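Try each one with the viewer open before reading the solution.

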Amino acid sequence: NHIREAGDVCHASASKNGTAGAHHKDRKKSDDTRSHEQYISSLVLWRRPLNTIYYATHELIHQLISLTKWVLCHTRTCSSLVILFIAIIGVSYIDGPHQHFLRIFQNQALWCLYWCGLGILSSVGLGTGLHTFLLYLGPHIASVTLAAYECDSLDFPSPPYPDEIICPVPTPGVAPILSAVSVWTIMSKVRLEAFMWGAGTALGELPPYFVARAHRLSGEDEEELDQDIADEITGSSGAVVPNAGNQRSMAQRFRANMIHLVTKVGFFGILACASIPNPLFDLAGITCGYSLVPFWTFFGATLIGKAVIKMHIQKLFVIVAFNENYVDLFVDKSRNIPYVGQYLHEPLREFLVKQKANLHKGSAKHTIKESSWLSTIFEWVVISMLVYFVVSIVNSMAQSYQKRQLKAQSGLESGEHSSNHLKTK
């Protein structure tokens, strides 16, 4: 009996020590994970500039190597594109009547690619995109609107339109043809650039979709995704969702409702989320990729929502806001703004008068542009946002590289631990 009691005591002590050791290992793993997350979040240019640039450079090299491997795996497609490009270049150097149509096609293609590229920059990067609607498309629509009401026509001379807008000059002895100016005709005038910008924003939503889809198909666990997003996805299928009830913030409830709408409704749910200004739409792309929503279901709904529905809403808002009567009313009322009204009213009025005067120049070559403090401020805002965009890309690349390195290191350590465990057995 004494021997049996001593054995039980030893067994209980060993199990207690094993449990304590397991708790200690879990606590150490949790502390390591927390320290790694803190280090990764500190990889920004204003805190660790040298480390951030070093890791971002390695990430750039890694992406270039991946791109090279993809090109080598798709040699037939890439060769066809190169041959097509060389053929177009060769045709452009051959004289003939086709040169006129080729020049028109080239100008339209470059114009479409320009706005599509700005749209991609606006939505790519999981929330770090450049706000190109506020910087480029919105001011372009506003300029066309103001010029249309001032010139009482939308038949702007081309060239210089769309690079520069001037009123049409009447030909002596020929009665000018005045086109009716309305909200709908202005929307038609800017429809191409608005649609291409919206198509670019739809293309910019594809990387999160493909990343989440690749993780799901590869069988990797959900740690690479945002854990809250994974919880919401599983919760939408009937599981218990954490942070439920009144403990959720408004942003959390909005995100949960959006993920539920996308996973349950499908095409029309994605269409509804894409048709409104939605800064959390990246989560919809991640959700659709993780839930293995078909590509054309996701991209088709996103393209229709962003390039057709939402763009018409945004165009209508800008055109109505920059109606000539509303602009004049705003300039007149600006003097009543407390503290700054007396300093703001006169520069705004002079800027508006100069812009209208420039529209009536006979030719863009003779237009003399005078810089104002408003244009200078806008230029500095554009430069600041471009710098912020580049900095955010560098930070994101450095953090991505460090996450990949830590994941590879943890996978190597777990492999060594399992092999040592088998040897011990």
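## Exercise 1: α5 against α7

Start with the contact itself: T132, F133, L137 and H140 in α5 meet E193, A194 and W197 in α7. Keep in mind that this is a predicted model.

**Task.** Work out how α5 runs relative to α7, and what kinds of residues make up their contact.

**Solution.** 
- Step 1: Find the two helices. α5 covers residues 132-151 and α7 covers residues 191-204; their axes come within 10 Å and cross at roughly 165 degrees.
- Step 2: Apply the cut-off. Angles over 145 degrees count as roughly antiparallel, and the crossing angle makes α5 roughly antiparallel to α7.
- Step 3: Sort the contact residues by class. You get four nonpolar, two polar and one charged.
- Step 4: α5 passes α7 in a left-handed crossing.

## Exercise 2: α7 against α13

**Task.** Now take α7 and α13: at what angle do they pack, and what is the handedness of the crossing?

**Solution.** 
- Step 1: Read the geometry. The axes of α7 and α13 are 8 Å apart, and the packing angle is about 140 degrees.
- Step 2: Classify the angle. Here α7 and α13 are oblique to each other.
- Step 3: Get the hand. This crossing is right-handed.
- Step 4: List who touches whom. On the α7 side the residues are R191, A194, F195, W197, G198, A199, T201, A202 and L203, and they meet F299, T302, L303, K306, A307, V308, M311, H312, Q314 and K315 in α13.
- Step 5: Tally the classes. The contact of α7 with α13 has eleven nonpolar, five polar and three charged residues.

## Exercise 3: α8 and its buried side

**Task.** Which residues of α8 are buried, and what do they pack against?

**Solution.** 
- Step 1: Size up the helix. α8 (residues 206-218) has 13 residues and reaches 18 Å from its first C-alpha to its last, close to the 18 Å expected at 1.5 Å a residue.
- Step 2: Pick out the buried positions. They are L206, P208, Y209, A212 and H215.
- Step 3: Recall a bit of helix geometry. With 3.6 residues a turn in an α-helix, residues three or four places apart point the same way.
- Step 4: Find the partners. The buried residues of α8 pack against α7, α12 (281-290) and α13 (295-321).
- Step 5: Zoom in on one of them. H215 has a relative accessible area of 18%, so it is buried under the 20% cut-off. The C-alpha atoms of H215 and G289 are separated by 8.8 Å, although the two residues are 74 residues apart along the chain.

## Exercise 4: α12 and what follows

**Solution.** 
- Step 1: Go along the helix. F281, D282, L283, A284, G285, I286, T287, C288, G289 and Y290 are buried.
- Step 2: Draw the conclusion. Ten of the ten residues of α12 are buried, so α12 is largely enclosed by the rest of the structure.
- Step 3: Step off the end. L292 sits in the loop between α12 and α13, and its phi is near 60 degrees, a positive value in a residue other than glycine. At a relative accessible area of 34%, L292 is partly exposed.
- Step 4: Look at another such case. D152, in the loop between α5 and α6 (183-189), has a positive phi near 55 degrees. D152 counts as partly exposed, at 42% relative accessibility.

Key:
Residues are numbered from 1 along each chain as its sequence is written. This is a predicted model: local features need pLDDT of at least 70, side-chain atom pairs count only at pLDDT 80 or more; totals for chains, interfaces and linings use all residues. Side-chain values use heavy atoms; hydrogens and water are left out. Axes are lines fitted to C-alpha atoms, for helices over the stretch in contact, and angles run from 0 to 180 degrees between N-to-C directions. Helices (H or I, at least four residues) and strands (E, at least two) are DSSP runs, numbered from the N terminus. Angles under 35 degrees count as roughly parallel, over 145 as roughly antiparallel, 65 to 115 as roughly perpendicular and the rest as oblique. A crossing is left-handed if the near helix is turned anticlockwise from the far one by less than a right angle, and right-handed if clockwise. Contact means heavy atoms within 4.5 Å. Ala, Val, Leu, Ile, Met, Phe, Trp, Tyr, Cys and Pro count as nonpolar, Asp, Glu, Lys and Arg as charged, and the others, Gly among them, as polar. The expected span of a helix is 1.5 Å times one less than its number of residues. Buried means under 20% relative accessible area, exposed over 50%, partly exposed in between (1.4 Å probe, protein chains only).
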